[in-house]
Amino acid sequence: MNAERPIVDENVSRTELKTAVADAPLQHNHPDSLPAALETTVVKSWKAPIAFGIFSIIAILLFVVFGREGTSGFRLSTDSDFFQIPTIQAPTRATDIVLTVLLVALAAYSAFLVSRSRPVRLWVTVVFAVLFLVGFLTWASAGATIPVPGLLVGAVGLSVPLVFGALGGVISERVGVVNVAIEGQLLAGAFVSAIVASVTGQPVLGLLSAMAAGVLVSFVLAAFSIKYFVDQVIVGVVLNVLVTGLTSFLYSQVLSKNTELLNNSGTIRLPRLPIPGLSEIPILGPVLFRQTIIVYILYVAVAVVFFALFKTRWGLRLRAVGEHPQAADTVGINVARTRFWNVSLAGAIAGLGGAYFTMGSVGSFNKEMTAGAGFIALAAVIFGRWDPIRATLAALLFGFASNLQSVLSIIGSPVPSEFMLMLPYLVTIFAVAGVVGRVRGPAASGKPYIKS
Amino acid sequence: MSQPTVPPGESGPPVASPPAKPDASVEEPRWHGVMREIVGGSAMISVLAVVLAMLAGGILIALTDDKVSAAAGYFFARPGDLVKAVWDSVSGAYTALFQGAVYNFRRPGFIAGIKPLTETLTFATPLIAAGLGVGLAFRVGLFNIGGRGQMLIAAACAGWVSWSFELPYGLHLILAVAAGIIGGAVWGGIVGLLKARTGAHEVIVTIMLNFVALYLISFMLKTPGLLQAPGSNNPKTPAALPTAVFPDLLGPQFNLHWGFIFVIAATVYVWYLLNRSNLGFQFRAVGENPNAARVAGISVNKMYIYAMLFSGGLVGLAGVAQVLGTVTTGFSSGIDAGIGFDAITVALLGRSKPWGIFFAGILFGAFKAGGFAMQASEGIPIDIVVVIQSLIVLFIAAPPLVRAVFRLPKPSGVSLRRPRTSTAAVTK
């Protein structure tokens, strides 16, 4: 899906690059050109095997050396399910030893691949991650039972605003405007949707107003960065502070004095709408199809954004403006207008995500209730390499990791909860440093386009 | 984004050129040009931005005031009441803000009257230090959002030294300060190292390290033997020993401490570092254009590491000022008090220049001190201060907007460049 962008992936086409560089001396090598390509040719990328090796060592230490006795349970269905699946009981130590052996084997396989200059495919990483996760869950739940649907439902719940925010970020950055203001858009959406839904009692109006609030924040971002050429990151950061201050001020000054009318969680919260049939699928049903309308909108939004971005004229124009505005301008695309409206669209999507905080989960607005979710969404955008699907997966990963912590603390995990909370952030750092590395965003992202 | 703003109508390469010079200015009489620069220049823009932001804040205060909305209900019967109510609420708020930040006329005597000003400086101390750190990173083209994590780690290091050892006066303080600065520098240096070695994006890494530091400190705070005060179940540290605490600068009746002197020294040092030293020249070169710097023989990666070390150390000084100056009786995980994020706006307002940041820090310190007074006496939530602060930065960042609002002429040759923060780093 990124075929048209020169993504520098250490694992792919290393040999081609090598031959290209071997022929290079004849060409004039401008220092600015292809610095990244030159760097990747220097060494084989041992990042993946090293990462796998580190995790294998952790697995050996944790699962074998400090292995725990007992049986680990995985409850796969909830009481209200139509199909009941029995709880899986696995002997902790034996399961973990088997998994550790598999992990070590995978690490060795990846090292073998790299030594033969062959790429380590994505499925190796995915299988490795899943095995490690299962091993960890087995280890942590020794003598207890993990409610798998509950774990996943919570994960989806925590991910929803992150995915919306990430989608907004992807659109905005693809069109060439860095969107640091996701946090502000989420918060504005949460705030406005709570008031509107509470006063009118109409959930639809609440959702629409959340989008409008996000658009409003985007308007400021777009106006300052496109019309006045102010540094986009600066505007974004300041907008976050502004929205935080504004909503907190109005919350203390207005909302908290009239909670019954303006911030009534009874009227604000959306009902869950199980989809008949689909909601009875084991595990997936309760996780994906017993949700509020916002989550169903999310499924559609991810698909639509992906399709529109890569398969439609709108998406092509959007990406052209973000990659090379001058070229886009030459063929008659109005750069400023394209940027302005697409940044607004991004704000609408992020604002909808904000509505989930109030209408989808808690029910009432609270000061600074987004608690940095916008920044996590921003990380998901970069982690997902500016691609809607990958950004969504990254956001889901963050949501899962945060929820894993709370589930494990309930069943009494041997790891202090702070370290579990830290885990997603550490994994992100690790992933960004190791796997993603030198990522390249849209070429013109963050640069104001000044028509000459 | 590494390019400075080039106004419309000016073509050419994106070099660091000041905005367009109107051709007419050549024929203008000389004093006319001077007038233009005074009226349209960046100092005037700053002042007007503050005025505009205060105005917007005043509107917000008036709109949400109960008495104002009550008076608006019978506006057509007695319009004077509404005007009076608006005046009362806004002037009351800003009077309280001024009295809480600069000089309180209601208190007897000069000592009591001037106390708010010293409170302002106390609040400004960590803001300036952290602002210098963020601003220094801006100058190298790095965006350090990790102030929170760096402050927490620095606070933990400085705090641990401050209560774990018994050392003579002076030496203990210096050791504690050094430990804090090193702690912050290491936490920031990790970011620089990762960026230089693997190309990891500093924005992501700093955000993530904020959370890592927060949970790390929370864990240590509730684990006996690490940071938790002995014999207590609260997640709170022991108090710093008096030998490690910053002495009062103006005597015991004021809260202002020697940390302020440290911060002044830090400002001078950063000014020297950036404007007079070899390293600072390389910093700025990398910030202006990393590719050009690389061609000129500067090791860009090394500069990233050094810059993050310095940046983290300066932000660490803010954490030190908190634990050894402001909250000396033991702290919890909220010790950073949002200063790490405020520092970004301080650095932006100060345009990433050391003395600019110094005065921006004092202004924001005044808002903070005054905000608390306003909240206490007028019942207006302190969040209004955050709104005003962010509006100021927003207006200052867009001089054409402020000029349009006040219908000012364009300055002839005055540079209105934003700090060349070169946040292209964000999308690199």
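This section describes the chains, sheet, domains, core and selected residues of a predicted model.

Two chains are considered in turn. Chain A comprises 452 residues, of which 49% count as buried. Its secondary structure consists of 19 helices and five strands. When contacts in chain A between residues at least 6 apart in sequence are taken, 77% of them join residues at least 24 apart. Chain B has 428 residues, and buried residues make up 55% of them. In chain B there are 16 helices and zero strands. The corresponding share of contacts in chain B, again among residues at least 6 apart in sequence, is 74% for pairs at least 24 apart.

Three strands of chain A form an open sheet with the order 2-1-3 and mixed pairing. Strand 2 (88-91) and strand 3 (145-147) of chain A stand at the edges; each has a single partner strand, so one side of each lacks a neighbour in the sheet. On average, and with direction ignored, neighbouring strands of this sheet are turned by 20° against each other. In general, the strands of a sheet pair through backbone hydrogen bonds, in either a parallel or an antiparallel sense. The pairing of strand 1 (residues 71-75) with strand 3 of chain A is parallel and runs over three bridges. Within this arrangement, Arg75(A) has Pro147(A), in strand 3 of chain A, as its bridge partner.

The domain assignment divides chain A into domain 1 (47-143) and domain 2 (149-408). Between the C-alpha centres of these two domains of chain A the distance is 33 Å. Eight residues from domain 1 of chain A and six residues from domain 2 of chain A take part in the contact. On the side of domain 1 of chain A that touches domain 2 of chain A, five residues are nonpolar, two are polar and one is charged.

The largest nonpolar core contains 268 residues, and the members that touch the most others are Ala380(A), Ala158(B), Leu324(B) and Phe395(B). Helix 12 (residues 300-326) of chain B gives the most to this core, contributing 15 residues. Both domain 1 (47-143) and domain 2 (149-408) of chain A give residues to the core, so it lies between them. In soluble globular proteins, nonpolar side chains tend to be buried together. With residues up to four places away in sequence left out, the contacts of Leu324(B) include Ala158(B), Ser162(B), Ala176(B) and Val177(B). Also touched by Leu324(B) are Ala240(B), Ala244(B), Val245(B), Phe246(B) and Gly259(B).

Between the two chains, 50 residues of chain A are in contact with 49 residues of chain B. On the chain A side, two or more residues are given by each of helix 9 (232-253), helix 17 (373-383) and helix 19 (417-436). Helix 9 of chain A gives the most to this side, with 16 residues. The side of chain A that touches chain B is made up of 31 nonpolar, 13 polar and six charged residues.

Ile339(B) belongs to helix 13 (residues 339-349) of chain B. Around Ile339(B), 26 other C-beta atoms lie within 10 Å, and a residue counts as buried at 20 or more, so Ile339(B) is buried. Apart from residues up to four places away in sequence, Ile339(B) touches Pro126(B), Leu127(B), Ala130(B), Gly147(B), Met151(B) and Ala318(B).

Most residues other than glycine have a negative phi. Ala371(A), which is not a glycine, has a positive phi near 50°. This residue, Ala371(A), is found in the loop between helix 16 (335-362) and helix 17 of chain A. Ala371(A) has 13 C-beta neighbours inside 10 Å and therefore counts as partly exposed. Ser352(B) likewise has a positive phi, of about 60°, although it is not a glycine. The loop that holds Ser352(B) runs between helix 13 and helix 14 (354-378) of chain B. With 24 C-beta neighbours inside 10 Å, Ser352(B) counts as buried, whereas Ala371(A) counts as partly exposed.

Conventions
Residues numbered from 1 in each chain as written. Chains lettered and ligands numbered in written order. Predicted model: local features only at pLDDT ≥ 70, side-chain atom pairs only at ≥ 80, totals over all residues. Pairing = 2+ DSSP bridges. Helix = DSSP H or I, 4+ residues; strand = E, 2+ residues; numbered from the N terminus. Axes fitted to C-alpha atoms, helices over the stretch in contact; angles between N-to-C directions. Domains from an automatic or database assignment. Contact = placed C-beta atoms within 7 Å. Nonpolar A, V, L, I, M, F, W, Y, C, P; charged D, E, K, R; others polar. Core = buried A, V, L, I, M, F, W, Y, C linked by C-beta atoms within 7 Å. Buried ≥ 20, exposed ≤ 12 C-beta atoms within 10 Å, placed from the backbone.
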